[in-house]
Structure formats: structure tokens, C-alpha cells
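User: Hi! I am new to reading protein structures and would like to learn how to go through one step by step. Could you show me the one we are going to look at?

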Amino acid sequence: MPAAPEFDSVLVWFRRDLRAEDHAALMQATRRARRVHCAFVFDREILDALPDRRDRRVDFIHGSVLELDALLRRAGGALQVRHAHAREAIPALADELGVQAVFANHDYEPAARDRDSAVGRALAAAQRRLLTFKDQAIFERDELLTGQGRPYSVFTPYRNSWLGRLDASDLAPHVVQLEGRLSDGAGVPAVPTLAGIGFEPTGLRELGVVPGASGARAAFEDFAKRIGRYHEARDYPGVRGPSYLSVHLRFGTISIRELVRFAWQTRLADAANAAGAASWLSELIWRDFYFQILHHHPQVVDQAFRPEYDRIRWVDDEALYRAWCEGRTGYPLVDAAMLQLERSGYMHNRLRMVAASFLVKDLGIDWRLGERHFARKLIDFDLSANNGGWQWAASSGCDAQPYFRIFNPVAQSRKFDPQGRFIRRYLPALAALPDRDVHAPWAAAPETLSKAGVTLGVDYPLPVVDHDAARKATLARYAVVRRPPGGAATT
Ligand SMILES: Cc1cc2nc3c(=O)[nH]c(=O)nc-3n(C[C@H](O)[C@H](O)[C@H](O)COP(=O)(O)OP(=O)(O)OC[C@H]3O[C@@H](n4cnc5c(N)ncnc54)[C@H](O)[C@@H]3O)c2cc1C
């Protein structure tokens, strides 16, 4: 005889896990409780602080919540949606529904952990429990430690340990059986409209971004056909190399276990696609790596991972910063990258590295300002990966590139966008320049510029800095990281 369920009724609180398949908290709830309620909060603590009412993330979340609600309704339940402060709304809803516990999945961001502790305390005060589960990472928190029992801060040994430890049980789907478990959704009000929570549509579908588990499925199926070429194509922004799954991973419209399972099996059993799959798997491991960095070192949110890098005196120049944000630096690859971000909310990984390096090491501007701009604009903004990427570019991070390695934005452009396909897409003013000159229009012969109809300073800006001079200034600026505070330089 099956054991009686442990709980009479529980509430599953969805956050960055907007799907009903392979979902840790939902699986646990449907196994352990007789009746399961589901909820999502449009958290005013986050939303009220957003500067733009046309925020692509909110639009994406809203679309995903609608799809999740429709799915739950087909199974007899519904999603209880609130537009409120989650810290208060979840304990209040638990009270209203009379549930014994709230189930949710782990979140590693300091603000989310603080919110969850507050919710946990409020629930406990009413004799209710908050139960949380690992869902968005394969290995989390203390699961992978060095031989000395410390968190990893270098990626390669972390990856080796991750791969060595992985077995089928880590990838097993958390199968959810909704039938007969969902609390009756008949009286649950419809999901509020986007306008009802104070936001406007952003034209996501025209950008090719389809919210919800259905959008994730379509993006995954598209990438599955291309995975074999990933390792060769991923660095070229002019071609369709990466998966474009980041927004789905961010909001959990697809399960990380499913993606890792696919990459793992392809790597082992499909020789033609194995190299691409291995390379992609490595990227998914970076995601876990930065989650655990943020978990163990929450101070990275506003401090350098290596404290000596906070001795650097950054350039304070609003005009230069604006030129970077608005794609007006005069360096075509950087400008095209920034326009991609502005117009689509996405930026190719190679370009994130190039644009970040340019802000920090060509303009000398504090990485935190760049990180903040990306955080406002990226549809896949994830605190751990964004902070990790920025601190990598600034050389202040764990396993970052050394400070004296400074990307040359023109060399990067020639190498990764050789025919200027990506540049021409975002900078039509430069479209008629020959491949040779499209990377550095200021170096083109006057007749070439005039033939292409480009007047520098009018159709396209002159460079805001000279890269060679900026490079020297950066090396001088970073010299402080080599000496102890107040001490003399060691080399
Ligand atoms: C300065 C900078 C800022 C970044 N900010 C973010 C961010 O806010 N959110 C974000 O998801 N990624 C960020 N990245 C990492 C990476 O650029 C994106 O994950 C990737 O471009 C997303 O596109 P994709 O899904 O097509 O990637 P794919 O190449 O298909 O990679 C698959 C998945 O692996 C993960 N991944 C790939 N690279 C990294 C990485 N370096 N670190 C952590 N996870 C990774 C992502 O979840 C990604 O969706 C940043 C990188 C840099 C250099």
C-alpha cells in the first residue's frame, strides 16, 4: 500500500523555473502532498525598480507565466498570480490557502537568498515550512570542493571535478505527475495583463524570442541540429553558432538536466557531433561554476573577487561611457555589439568579451558601470554569469584573463567577423566599405571612404580613443595591483 502523503496541501512557488516538466519542487510537491497549489509573484521589489516600462524580461516572464497557467488549467489547476512584494505575498497566500508548506527551488543570488530567508521566517512564525530544492544547477553550493575542502576558483579543475563526479542520477529527470494532485483552479482569477502590472509589450516574437516552455523547446530543437558545429561556429557573431538558450535557462523554461543529458549523450554516442557537444557542455559547466562562485563569494556583487583590483583608479568620463552604451565609439565591432544589445536584448558571447574589454581596458571605465548597463539591457541577465564575465574581462575575477592581456578591438574584428557581416548588419553606414577597411574605417584611404559614401564624424564617428595609447594607459593604471596597499611596485 502506498504511504499516505506527508502533507495535506502545499504551495509551489515558481520563480526562475517557469515550466511544469522536470521540475524539482513541483515533483516533490506532487509526490509528498495530497493537494498542490501553484503560485507566481510579479515581485514589486524588483519590478518597481526597473527604469523602463518596456522591459523585455518582464514581457518574457509574463508570456511564460501565461503558458504555465494554461498548462496547469488543462490539468485541472491554475497558477495563483500576485503583483506584490513576494516577502509578504507568499506567507499571506500560504495563510489564505491554509497550506502546511511552501516548496520552491534554490536561488543563489544574495538578494533572492535574503528574500527566501525572510519568507522562511514568516512561514515558520505561522508553523509552516519552506522546503527548497536544487533545480537550476547540476552541482551547487558545497557539492564540488577542492581536495582541501574549499570552493573552486579556477575553472579547469572545477570542470574536471564536475565531469568526474557526474553520473546518470545527476541527470535523471524530476518527473512531475500532475494528475489528481492539483488543487481545483476553477475559482482562481486569470493572470493579470502586462498592462495590469504596469508594463508594455516589447515585440519579443519579432526578435525571434518565444517565451515559455514551448519557446524553449523550439530553440532547443533548432540548436540540436547545429550542435555538431558549435565549437567551430560559436565565436563568429555573423553566423548562427550558439544555442540562444540563455534566456530560457535564465527563467527556467527548460531544464538544465535535459540540456546536459543531451550534450553528454551526444558527446559519448554521436561521433560526428561529439566535439561540438563537448564544447557546449563546457559552457553549461561555466554556468554552474559562476553560480557556486556567487554562492561562496557574495561580496563579488560589488567588489572585485581579487581585492587588490579595487585599488585601481578608474576613469570618470560620462561622455565616453555614453558613447560606449550607445554604440558610438568609432570601433565598428564594439558599436555593432552595443547596438545588438540595445535592439535585441541579446549580445553574442564573443562580443560580450570584446565590448566589456573595450569599456574597461580601452576607456578605463570601472567594470561595475558596464555590468550595470548589461544588467539593465540583457534579456538573459543573470547576476552570476554577468558578474563573472565582467570580472573576467576586468581581470579582477577568479580565473580571469591576466590584466596585461588586452584585446585589440580591430584584431578581434578581423578574426571573428572577417567579412564584416555582423558589422554591416548593425552599421549600414559602413556597408559599402571593403572587407579590409570595415574594421577600422579611420585607417581607410580617403578615396575608399568617399567611394563608400562614408564621411567620418558625420556618417560614423571617429574613434573616441587610440587603442595603442589606451593600452599603455591601462597597463599603468593596473600597475597598482602588483604592489601591496601603500607599498612600492614589486617589478
Ligand atoms: C561580460 C559578459 C557578461 C555576460 N553576461 C551574461 C548574463 O548576464 N547571462 C548569461 O546567461 N550569460 C552571460 N554571459 C555568458 C555568455 O556570454 C552567455 O551565456 C551567452 O552568450 C548566451 O548565449 P547562448 O545561450 O546562445 O550561449 P551558448 O554558447 O549556446 O551557451 C549555452 C549556455 O551556457 C551558459 N554559458 C555560456 N557561456 C557562459 C559563461 N561564460 N558563463 C556562464 N554561463 C555561460 C549559458 O547559460 C548559455 O545559455 C556573459 C559573458 C560576458 C563575457
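User: Is Pro211 buried or exposed?

Analyst: Good place to begin! Buried means under 20% relative accessible area, exposed means over 50%, and partly exposed is in between, with a 1.4 Å probe and protein chains only. Pro211 has 6% relative accessibility, so it counts as buried. Pro211 is found in the loop between helix H7 (168-171) and H8. Helices here are DSSP runs of H or I with at least four residues, strands are runs of E with at least two, and both are numbered from the N terminus.

User: Before we go on, what should I know about the model and the numbering?

Analyst: This is a predicted model, in which local features need pLDDT of at least 70, side-chain atom pairs count only at pLDDT 80 or more, and totals for chains, interfaces and linings use all residues. Residues are numbered from 1 along each chain as its sequence is written, and side-chain values use heavy atoms, with hydrogens and water left out.

User: Which residues are closest to the ligand?

Analyst: A residue is near a molecule or strand if one of its heavy atoms lies within 4 Å of it. Here 28 residues surround the ligand, and the closest are Tyr230, Ser243, Tyr244, Asn349 and Asp380. By class, this shell has 18 nonpolar, five polar and five charged residues. In this scheme Ala, Val, Leu, Ile, Met, Phe, Trp, Tyr, Cys and Pro count as nonpolar, Asp, Glu, Lys and Arg as charged, and the others, Gly among them, as polar.

User: Which helix gives the most to the shell around the ligand?

Analyst: That is H12, with six residues. Helix H10 (246-251), helix H12 (274-296), helix H15 (349-362) and helix H17 (383-393) each supply at least two residues of the shell.

User: Why does the ligand lie between domain 2 and domain 3?

Analyst: Domain 2 (137-173 + 213-296) and domain 3 (307-482) both give residues to the shell, so the ligand lies between them. The domain bounds come from an automatic or database domain assignment.

User: What polar atoms lie by the oxygen and nitrogen atoms of the ligand?

Analyst: A polar contact is a pair of N or O atoms within 3.5 Å; within protein, one must be able to donate a hydrogen and the other to accept it, and residues adjacent in sequence count only if both atoms are side-chain atoms. A polar side-chain atom of Ser243 lies 2.5 Å from an oxygen atom of the ligand. A polar backbone atom of Tyr244 is 2.7 Å from a ligand oxygen atom. For a nitrogen atom of the ligand, an N or O atom in the side chain of Asn386 is 3.1 Å away. The protein covers 95% of the 820 Å² of accessible area that the ligand has on its own. Such areas come from the Shrake-Rupley method with a 1.4 Å probe; for residues, only the protein chains shown count as cover.

User: How many aromatic pairs are there in the whole structure?

Analyst: A pair of aromatic rings is described by the distance of the centres and the angle of the planes. Rings of Phe, Tyr and Trp (its six-membered ring) pair if their centres lie within 6.5 Å; planes under 30 degrees apart count as stacked, over 60 as edge-to-face and the rest as tilted. A search of the whole structure finds 30 aromatic pairs. One of them is the tilted pair of Phe289 and Tyr290, at 5.5 Å centre to centre and 55° between the planes. Both of these residues are buried. Ring pairs also link Tyr152, Phe155, Tyr158, Trp286, Phe289 and Tyr290 into a cluster.

User: What kind of aromatic pair do Tyr309 and Tyr478 form?

Analyst: Tyr309 and Tyr478 form an edge-to-face pair, 6.0 Å centre to centre with 65° between the planes. Tyr309 lies in the loop between H12 and helix H13 (318-325) and Tyr478 in helix H22 (residues 467-478), so the pair ties together parts that are 169 residues apart in sequence. Both Tyr309 and Tyr478 are buried.

User: Where does His348 lie, and what does its side chain reach?

Analyst: His348 lies in the loop between helix H14 (332-344) and H15. Its relative accessibility is 1%, so His348 counts as buried. The side chain of His348 reaches the backbone oxygen of Arg234 at 2.9 Å.
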